[in-house]
Amino acid sequence: MELYALLPEMGEGERIARAVPAGGWILELGCGTGRITRQLVRLGFRVTAVDESAPMLAHVEDAETVCARIEGLDVGRRFDAVVLASNLINARPELRTAFLVTCGRHSDRVVVEGLPLGWLPKEGKTQLGSVSSRLSVDRVEGPVVRGSVEYTSGSHHWHHSFAMHVLADADELGAALTEAGLRLDHWLDGPNGRWFVAVPA
């Protein structure tokens, strides 16, 4: 949790704002410690922030919070947009579909951040504010990339293992969205980017 609180803002709020009516109400799924939430609130959006970790949600300010898992969630109302960031779309297929179904249940506008199509990770070191990270790839098994990231900030160290299900191309992305009753509307940062908007199929 300390790690997520240290990660810097990277302009996610402004990117999302291009796809959502000004002052709209956003449902943010998997908000963590509220790094994106804070940006959206500053930009004048009203946010309902969802995470399954109560300690994570304790860091979120100036937003309605819901402690719950994403899959199966129903907060009982609709929103101007749903945000599914942090590469959650690259979860295993059955979980990815459950996440997207929850998105479609709550809005006709879904803003998604995922790994670039056909992503092939490059091992090495990256600096994110005060946090340095080193990516290592263990193996690639078809669409699944398995590896780990070592994070360091001062005297603190964290280790995170991952298994990312990479969508190969636009056709595979389209099929994944269709399974959840959605379709790609447009990219926010180009077809080789990470952010797109989905709408009902």
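**Figure 1. Ser-133 sits in strand β7, residues 131-141.** The model is predicted: local features require pLDDT of at least 70 and side-chain atom pairs pLDDT 80 or more, while totals for chains, interfaces and linings use all residues. Numbering starts from 1 along each chain as its sequence is written, and side-chain values use heavy atoms, leaving out hydrogens and water. Helices (H or I, at least four residues) and strands (E, at least two) are DSSP runs, numbered from the N terminus. Ser-133 has 9% relative accessibility, so it counts as buried. Buried means under 20% relative accessible area, exposed over 50%, and partly exposed in between (1.4 Å probe, protein chains only). Beyond its neighbours within four places in sequence, Ser-133 contacts Gly-124, Lys-125 and Thr-126, and also Val-149, Glu-150 and Tyr-151. A contact is a pair of heavy atoms within 4.5 Å.

**Figure 2. One cavity of 30 Å³ or more is found in the structure.** A cavity is a set of points on a 1 Å grid over the protein atoms alone where a 1.4 Å probe fits but cannot get out; lining residues have an atom within 4 Å of a point. Points are joined across faces, edges and corners, and the volume is the space filled by probe spheres set on them. The largest cavity has a volume of about 60 Å³. Its lining includes Ile-89, Asn-90, Gly-114, Leu-115 and Leu-117. Leu-167, Leu-173 and Trp-187 also line the largest cavity, as do Gly-193, Arg-194 and Phe-196. By class, the lining has seven nonpolar residues, three polar and one charged. Here Ala, Val, Leu, Ile, Met, Phe, Trp, Tyr, Cys and Pro are nonpolar, Asp, Glu, Lys and Arg are charged, and the others, Gly among them, are polar.

Figure 3. Trp-187 and Phe-196 have ring centres 5.4 Å apart and ring planes at 65°, so they pair edge-to-face. Rings of Phe, Tyr and Trp (its six-membered ring) pair if their centres lie within 6.5 Å; planes under 30 degrees apart are stacked, over 60 edge-to-face, the rest tilted. Phe-196 is buried, at 3% relative accessibility. Both Trp-187 and Phe-196 are also among the residues lining the largest cavity.

**Figure 4. Helix α6, residues 170-179, has a buried side and an exposed face.** Leu-173, Ala-176 and Leu-177 are the buried residues shown. They span an arc of only 95° around the axis, which puts them on the same side of α6. The arc is taken over directions from the helix axis to the C-beta atoms. Residues three or four places apart in an α-helix point the same way, because the helix has 3.6 residues a turn. Exposed Asp-171, Thr-178 and Glu-179 lie on the face turned away from the buried side of α6. Among the elements covering the buried residues of α6 are α5 (93-106), β10 (182-187) and β11 (195-200).

Figure 5. Pro-93 is partly exposed, at 34% relative accessibility. His-165 belongs to strand β9, residues 156-165. His-165 is buried, with a relative accessible area of 17%.

**Figure 6. Helix α3, residues 35-42, has five residues named as buried: Arg-35, Ile-36, Thr-37, Gln-39 and Leu-40.** The cover over these residues includes α2 (12-17), β1 (25-29) and β2 (46-51). Leu-40 has a relative accessible area of 0%. Leaving aside neighbours within four places in sequence, Leu-40 contacts Gly-13, Ile-16, Ile-26, Phe-45 and Val-47. Gly-23 is 17 residues from Leu-40 in sequence and 9.5 Å away in space, C-alpha to C-alpha. Just after α3, Gly-44 takes a positive phi of about 95°.

**Figure 7. Asp-62 and Asn-87 each take a positive phi without being glycine.** Most residues other than glycine have a negative phi. Asp-62 has a phi of about 60°. Its loop joins α4 (54-57) and β3 (64-67). Asp-62 is exposed, at 67% relative accessibility. Asn-87 also has a phi of about 60°. The loop of Asn-87 runs between β4 (81-84) and α5. Asn-87 is buried, at 16% relative accessibility.

Notes
1 Å grid on protein atoms, 1.4 Å probe; cavity = no way out; pocket = protein on both sides within 12 Å on 5 of 7 lines; lining within 4 Å.
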